[in-house]
Amino acid sequence: MNDEETGHAPDDDAPIQEARLWKGNGWTARVIKNDDDEGWAVAMIKDGEPEPALVGPWTMGRDKKNPKPLDVNAFHTLVKTAAEVLRRHEQQLHAMLHKSTVVASDGIELKVTLDIVPDDEHPYALLSAFDEVGERIAQARVAANFKLSPASAASWVENEFRAPR
């Protein structure tokens, strides 16, 4: 009996293990024709994402025409590599949007952070100061292009946390 005869819907989460298509562990690997040359490429797509996280060259098979079939070891290596690419991208984005420095004021060390809010129409940033126990003592909204440096942080503190212009 097939799924239609039993009334059960096909399982969208069931692993697929075909020569040019593997699906499992939240990822899909699809071997595709490389448009740039005669070879093949593999695209790794995370479930729910519209674009591949990784596209790379794929090995030719023995006949030098068709791609080598995907297998369990290749799939696991591709998943690991694609996940690492996403992790690095997230780390880079976090580093771009969140900056911090430490300044001394009246013998106390203050941590000053800048958190950019990347809104398409009205981006901005929040400048915050935290005391030695991590409690926020001040916050100001600033332009998204505000440059946080030890000097700009010290100036903000010295100006009694008034929003910089």
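**View 1. Pair of Trp156 and Phe161.** Phe161 is partly exposed at 25% relative accessibility, a class lying between buried (under 20% relative accessible area) and exposed (over 50%), with a 1.4 Å probe and protein chains only. Trp156 has a relative accessible area of 2% and is buried. The model is predicted: local features need pLDDT of at least 70, side-chain atom pairs count only at pLDDT 80 or more, and totals for chains, interfaces and linings use all residues. Residues are numbered from 1 along each chain as its sequence is written, and side-chain values use heavy atoms, without hydrogens and water.

**View 2. Pair of Trp22 and Phe75.** Rings of Phe, Tyr and Trp (its six-membered ring) pair if their centres lie within 6.5 Å; planes under 30 degrees apart are stacked, over 60 edge-to-face, the rest tilted. The count is 2 aromatic pairs. Trp22 and Phe75 form a tilted pair, 5.6 Å centre to centre with 35° between the planes. Trp22 belongs to strand β2 (residues 21-24) and Phe75 to helix α2 (residues 72-97), 53 residues apart; helices (H or I, at least four residues) and strands (E, at least two) are DSSP runs, numbered from the N terminus. Trp22 and Phe75 are both buried. In the pair of Trp156 and Phe161, the centres are 5.0 Å apart and the planes at 80°, so this pair is edge-to-face.

**View 3. Charges over rings.** Lys33 lies over the face of Trp40, 5.1 Å from the ring centre, and Arg141 over that of Tyr124, at 3.6 Å. The criterion is NZ of Lys or CZ of Arg within 6 Å of the ring centre and within 35 degrees of the ring normal.
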